[in-house]
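Let's take a walk through this structure, one stop at a time. Have the sequence and the 3D view open as you read.

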Amino acid sequence: MVHEAGFKCKVALEAIRAELTIAEIATKYQIHGSMVSKWKAQVLDEMPGIFTGAIKSVKNLQEVETKRLYEQIGKLQMTVDFLKNAVYPR
């Protein structure tokens with residue numbers, strides 16, 4: 001089963017707060033305890049990136065990739081239009 005990022009964050013933050021044990025959190029959300037521990041560790045590992053700008057660079061990479069993909073879509077659309085006109089001339 002694939003869990004959404006928001007769900008993973010919610011579980012990880014609850015584990016970080018340590019108000020419940022890992023086993024209690026796992027039971028509460030009906031997942032395996034190792035998942036809770038894994039997500040908690042991931043959040044703790046990634047936290048420093050928030051303050052170092054790593055998150056911004058990821059967003060910048062996503063923006064660059066999105067721009068590249070839109071350019072590729074435009075080129076492909078032009079190719080499709082050209083081929084349509086070649087097969088079905090007006």
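Helices here are DSSP runs of H or I with at least four residues, strands are runs of E with at least two, and both are numbered from the N terminus. What you're looking at is a predicted model, so to speak: local features need pLDDT of at least 70, side-chain atom pairs count only at pLDDT 80 or more, and totals for chains, interfaces and linings use all residues. Residues are numbered from 1 along each chain as its sequence is written, and side-chain values use heavy atoms, with hydrogens and water left out.

His3 sits in the segment before α1 (5-17). Buried or exposed, how does His3 count? With 19% relative accessibility, His3 counts as buried, because buried means under 20% relative accessible area, exposed over 50%, and partly exposed in between (1.4 Å probe, protein chains only). Apart from neighbours within four places in sequence, His3 touches Lys8, Ile31 and Trp39; contact means heavy atoms within 4.5 Å.

Now for the helix packing. Two packed helices are described by the angle between their axes and the distance between the axes. Axes are lines fitted to C-alpha atoms, for helices over the stretch in contact, with angles running from 0 to 180 degrees between N-to-C directions. The axes of α1 and α3 come within 8 Å and cross at roughly 85°. That makes α1 roughly perpendicular to α3 (under 35 degrees is roughly parallel, over 145 roughly antiparallel, 65 to 115 roughly perpendicular, the rest oblique). On the α1 side, the residues involved include Phe7, Val11 and Ile16, and they meet a set in α3 that includes Trp39, Leu44 and Met47.

Helix α2 (residues 22-29) also approaches α3: their axes come within 8 Å and cross at roughly 110°. So α2 is roughly perpendicular to α3 as well. Ile22, Ile25 and Ala26 of α2 make the contact with Gly33, Val36 and Ser37 of α3.

Next, the charges. A salt bridge is a side-chain nitrogen of Lys or Arg within 4 Å of a carboxyl oxygen of Asp or Glu, and the whole structure has two. Glu14 and Lys28 form one, at 3.0 Å from N to O. This pair links distant parts of the chain, with Glu14 in helix α1 and Lys28 in helix α2, 14 residues apart. Glu65 and Arg68 also pair, with their closest N and O atoms 2.7 Å apart. Those two are three residues apart in helix α4, so about one helical turn separates them.
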